[in-house]
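This report concerns the domain assignment and the aromatic ring pairs of one protein model. The sequence and structure are shown first.

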Amino acid sequence: MLLSEQCYKKIDRELAKYPADQRQSAVMAALAHAQVELGWISPEVMAELADYIRMPAIAVQEVATFYNMYNLKPVGKHKISVCTNLPCALSGGVRAANHLKEKLGIDFRDTTADGAFTLVEGECMGACGDAPVMLVNDQRMCSFMSNDKIDSLVEELKK
């Protein structure tokens, strides 16, 4: 087993929300729990989840590859998603992304050599009025990100 018993208990709680013939409805939550535990979703984890949920492995892969919230390769300790959709782009998203790229010395979809940071382009985060916005480790929303705030964020995450 690639996932812990505790992770499977969480997945079981998700599965219990659906009728037995609709277990596949819990696949997104199962992928999220696996990612929280492992940091990313490998093909082996997808296959294991498919067996556990009792759905075709290709169906799990289709979900995991369709949504950009799932990490399909290892990421740094801190994954920073920068919204570059049009409203954010027009309100400093591109500037913020370029500042981060320069500060970290990486491009989108890259990880720093020390494994500390991965930078990705994010889809709309539903906070257009707070642009530019960033999401740290898929959990923490950072709004109105000036260069100074970006610098402070990076320094905080380095600690």
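The sections below treat the basis of the model, its domains and its aromatic pairs.

## Basis of the model

The model is predicted: local features need pLDDT of at least 70, side-chain atom pairs count only at pLDDT 80 or more, and totals for chains, interfaces and linings use all residues. Residues are numbered from 1 along each chain as its sequence is written, and side-chain values use heavy atoms, with hydrogens and water left out.

## Domains

The protein chain is assigned domain 1 (5-66) and domain 2 (78-158), with bounds taken from an automatic or database domain assignment. Between the C-alpha centres of domain 1 and domain 2 the distance is 28 Å.

## Aromatic pairs

Rings of Phe, Tyr and Trp (its six-membered ring) pair if their centres lie within 6.5 Å; planes under 30 degrees apart are stacked, over 60 edge-to-face and the rest tilted. In one of them, the ring centres of Tyr 8 and Tyr 52 are 4.5 Å apart and the planes stand at 50 degrees, so the pair is tilted. Because Tyr 8 lies in helix α1 (residues 5-15) and Tyr 52 in helix α3 (residues 43-53), the pair ties together parts 44 residues apart in sequence; helices here are DSSP runs (H or I, at least four residues), numbered from the N terminus. Tyr 8 is buried at 7% relative accessibility, whereas Tyr 52 is partly exposed at 27%.

Phe 66 and Tyr 67 have ring centres 4.8 Å apart and planes at 85 degrees, so this pair is edge-to-face. Phe 66 is exposed, with a relative accessible area of 64%, and Tyr 67 is partly exposed at 33%. Buried denotes under 20% relative accessible area, exposed over 50%, and partly exposed in between (1.4 Å probe, protein chains only).

Note on methods. Helices (H or I, at least four residues) and strands (E, at least two) are DSSP runs, numbered from the N terminus.
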